[in-house]
Amino acid sequence: NELVVDFVDPISGYLFWGNQGDHTIRRARLDGSGSEVLHDTGLFWPNELVVDFEDSRLYWIDGYYEDEDYGYIGSSGLDGTDRTALANVSSGAVLFGLALVGDTLYYSSWDDGGVFSVDKNSGLQEEVGLEGQGGTLYGLVAVDSSRQPAGTSACQSANGGCSHLCLPSGPDTRVCACPNDGGLAIGADGRTCAEPTQFLLYAKADAGQIMMLSIDHDFTTRPVLLDQGLRPVAVAWDPVEERVYWSDVATHTINRVFLNGTGAEVFMDSADGIASVEGLAVDWQNRRLYLSNLGAHYTGTSWGR
């Protein structure tokens, strides 16, 4: 997948984005729920999107330039219905940015550094003073009071009663959430973030991530990032100091970090004889760390300890 550009519409409560990998335009609620495909045909490089709050319509620009079927500005209802191609703006250059003020859409062109405009009602294309300025232009943002209309949200008053993050899940509903790093999980009240008492620790070797997943309550929890490395493998837990110990077979280190995500440090490295550690265990009573250590002697023979 190649996620490109998104647009937040707090009035309807949706996040919209384009995916150049599967040539789609999608939307989801602002808490990430209800993801759905709005358009999956007639798209190649869906770039920037913009919402017309007054008419409740979604606009997008397809930036592909080597096929006359693309390089256009499209429009539909916010639910994907009533789709139309507003204007063919193909110019032999990659088109990227899109912005809206009043009845005018503005779009940018990579190759000639130009900014152009289209009337959203007639599709009439007009010249803009920035045309031919040179350089590669990407995103466009229109600053005007009409682009930030007033609305209501369940998160507007007292952060929706959430201790940390309040995420709108609909016009009048919200979900409380915790940061994706730092070792916190939502509590039994569904509002307060705290360090969990029951959780899973795991290493994502390919992604280089040490993760925590709370299993305290029957909530749909999000995994929490605790630390990062190159290729983490083994994980162990010290309940006395509330530290996570983990090995990295790429850097030949044993590392540790507190559950709240602070105090990340290298505990042992190659100077301590650490090679490829694929097993760790903590003796919390006698304060000892046990590990399996596999390496190679300079003669080429392998050793294990």
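A salt bridge here is a side-chain nitrogen of Lys or Arg within 4 Å of a carboxyl oxygen of Asp or Glu. E241 and R243 meet that test, with their closest N and O atoms 2.7 Å apart. The model is a predicted one. In total it holds twelve salt bridges.

R243 counts as buried, at 11% relative accessibility. E241 is partly exposed, with a relative accessible area of 34%.

E265 forms a salt bridge with R256, and the closest N and O atoms lie 2.5 Å apart. R256 is buried, at a relative accessible area of 15%. E265 is partly exposed, at 33%.

β21 covers residues 243-248 and β22 covers 253-258. The two pair in the antiparallel sense over six bridges. V244 stands opposite V257 in β22. β22 also pairs on with strand β23, residues 265-268. Three bridges join β22 and β23, which run antiparallel. As for burial, five of the six residues of β22 are buried, so the strand is largely enclosed by the rest of the structure.

The turns come next. The hairpin of β21 and β22 has four residues between the strands, and in it H252 takes a positive phi near 55°. H252 is not a glycine. At 35% relative accessibility, H252 counts as partly exposed. The hairpin of β22 and β23 has six residues between the strands. In that hairpin, G261 takes a positive phi near 90°.

R287 lies in the loop between β24 (276-283) and β25 (288-296). At 38% relative accessibility, R287 counts as partly exposed.

Move to the start of the chain. Strand β2, residues 14-19, has five of its six residues buried, so it is largely enclosed by the rest of the structure. Six bridges join β2 to strand β3, residues 24-29, and the two run antiparallel. Y14 has R29 as its bridge partner in β3. The hairpin of β2 and β3 has four residues between the strands. Within it, H23 takes a positive phi near 60°. A salt bridge is found in this part of the chain too: R26 pairs with D22, with the closest N and O atoms 2.6 Å apart. D22 is partly exposed, at a relative accessible area of 29%.

Strands of a sheet pair through backbone hydrogen bonds, either parallel or antiparallel. This sheet has four strands in the order β5-β6-β7-β8, and the pairing is antiparallel. β5 and β8 (84-88) are the edge strands, each pairing on one side only. On average, neighbouring strands of the sheet are turned by 20° against each other, direction ignored. At one end of the order, β7 (residues 72-77) and β8 pair over four bridges. G74 has A85 as its bridge partner in β8.

β1 (3-9), β5 (46-52) and β9 (95-101) each supply at least two residues to the lining of the second largest pocket. About 220 Å³ of space lies in this pocket. Of the 14 residues that line it, F7, V50, L140, V141 and A142 are the closest to its centre. What classes of residue make up the lining of the second largest pocket? There are ten nonpolar residues, one polar and three charged.

Notes
Residues numbered from 1 in each chain as written. Predicted model: local features only at pLDDT ≥ 70, side-chain atom pairs only at ≥ 80, totals over all residues. Heavy atoms only, no water. 1 Å grid on protein atoms, 1.4 Å probe; cavity = no way out; pocket = protein on both sides within 12 Å on 5 of 7 lines; lining within 4 Å. Points joined across faces, edges and corners; volume = space filled by probe spheres on them. Nonpolar A, V, L, I, M, F, W, Y, C, P; charged D, E, K, R; others polar. Buried < 20%, exposed > 50% of the residue type's maximum accessible area, 1.4 Å probe, protein only. Pairing = 2+ DSSP bridges. Axes fitted to C-alpha atoms, helices over the stretch in contact; angles between N-to-C directions.
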